[in-house]
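Visitor: I have a model open and would like to learn how to read it. Where do we begin?

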Amino acid sequence: MTADEEQRRIDSFRQAAGRFASGVTVVTTALDGHLYGITATSFVSLSLNPLLVTVSINVHSPILDEIRASGVFAINVLGRHQQQVSACFARRGRGRSKERFDEVETRTEATGAPVVTGALSWFDCTVHTMLGGGDHIILVGEVVSAGGGTGQPLLYWSGEYRELSVEEEDRAVEADIGRISDSLSVQLHLHGMRTEQLLEAQHAVEPAAAALAAREATDAQVAQLRALVDESEKHVQDAGRYNPLSLEFHARLGLLSGNPAIAASVGALNRPRESAYAVHTNAERATRAVGAHRRILEAIEGRDETAARRLMTEHLGVVAQGMQC
């Protein structure tokens, strides 16, 4: 291959890769009284057990030596209001400061790596592995702590920052709640949650979600909920296909409550019970659960908040009887 052909191949690759829209992160670490940071767009959530994330950094970036020496780093996912933060850490000679960054406010969580104030989400990590990948190093971190808030993401596409349209923002509300659920789920995983605690939390949150759904859900949302129940009924003989649909019913009620705190809590509680349900589900229990879901759905369709709350409480009680505590 000639030099010109190789350059054309590289240019084509860059153009194709640039068509993949990505979020924007800032990777930070701290060492001997100095803070370090660099903008990166290659963040990936890798594993739940253990909790691992990855980000790729150019082999020539000086932050890699600092991370090797410190053994810790944080990945800060930026919101769309933080273009200046991204630009700050993307400048040549950026990202090294004594004790504090001049232009960006940060704090520390578990490891001492800087966490950017106002970040959409953050992952505080210890170094798990550093792998070679061509002209980049794949940095794998084990998450010690994580968190975040609400808002829209800062996107990077085709060499420019982008913002979601109004319609996309409406669809992104659900994604926002999903991110909060993920953060809360991580914290629950780190602290540990016994089965009886999971059931207690469900009893505290989900009857309220059902009651609020009866008040707040639109007719179109109720129709979608009915379609979900209908689909789950088709798979009561197949736990692998039924369980995700059953859990989605509960998550959907959280969203239909119109309360983001309740929706995020229900979503977070869905994560640990995935494994618990997988062990205990059989065709008989799945059929019984579908019937309970239909009764809850009918109460929501009838805008009967009291019945929706009561039926969800009864349903959770039956579920608890079939699970070992």
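Guide: We will take the sheet, then a strand within it, then the helices and the cores. Keep in mind that this is a predicted model.

Visitor: How do strands of a sheet pair?

Guide: They pair through backbone hydrogen bonds, either parallel or antiparallel. Here, an open sheet of eight strands has antiparallel pairing, in the order 4-5-11-10-6-2-3-7. Strand 4 (44-48) and strand 7 (96-98) are the edge strands, each pairing on one side only. On average, neighbouring strands are turned by 30 degrees against each other, direction ignored.

Visitor: Which strands pair with strand 2?

Guide: Strand 3 (residues 34-40) is one, joined to strand 2 by seven bridges and running antiparallel to it. Alanine 30 faces leucine 35 across that pairing. Strand 6 (residues 72-77) is another partner, antiparallel over four bridges. There, valine 27 stands opposite isoleucine 75. Isoleucine 75 also has phenylalanine 123 as its bridge partner in strand 10.

Visitor: Is strand 2 largely enclosed or open?

Guide: Strand 2 (residues 25-31) has six of its seven residues buried, so the rest of the structure largely encloses it. Helix 2 (residues 63-70) lies across strand 2 and others, at about 55 degrees to strand 2. Helix 3 (residues 83-90) lies across strand 2 and strand 3, at about 110 degrees to strand 3.

Visitor: Now a helix. How should I read one?

Guide: An α-helix has 3.6 residues a turn, so residues three or four places apart point the same way. At its start, a side-chain oxygen of aspartate 238 comes to within 3.1 Å of the backbone nitrogen of glycine 240. Just after the helix, glycine 258 takes a positive phi of about 80 degrees.

Visitor: Which residues have the most contacts inside the largest nonpolar core?

Guide: Leu225, Phe249, Leu253, Ile296, Ile300 and Met312 do, in a core of 26 residues. Helix 9 gives the most, with seven. Leaving aside neighbours within four places in sequence, isoleucine 296 is in contact with Phe249, Leu253 and Met312, among others. Apart from this core lies another, of 22 residues, among them Tyr36, Ile75, Leu120 and Leu139.

Key: Residues numbered from 1 in each chain as written. Predicted model: local features only at pLDDT ≥ 70, side-chain atom pairs only at ≥ 80, totals over all residues. Heavy atoms only, no water. Core = buried A, V, L, I, M, F, W, Y, C linked by side-chain atoms within 4.5 Å. Buried < 20%, exposed > 50% of the residue type's maximum accessible area, 1.4 Å probe, protein only. Helix = DSSP H or I, 4+ residues; strand = E, 2+ residues; numbered from the N terminus. Contact = heavy atoms within 4.5 Å. Pairing = 2+ DSSP bridges. Polar contact = N/O pair within 3.5 Å; in protein donor to acceptor, adjacent residues only side chain to side chain. Axes fitted to C-alpha atoms, helices over the stretch in contact; angles between N-to-C directions.
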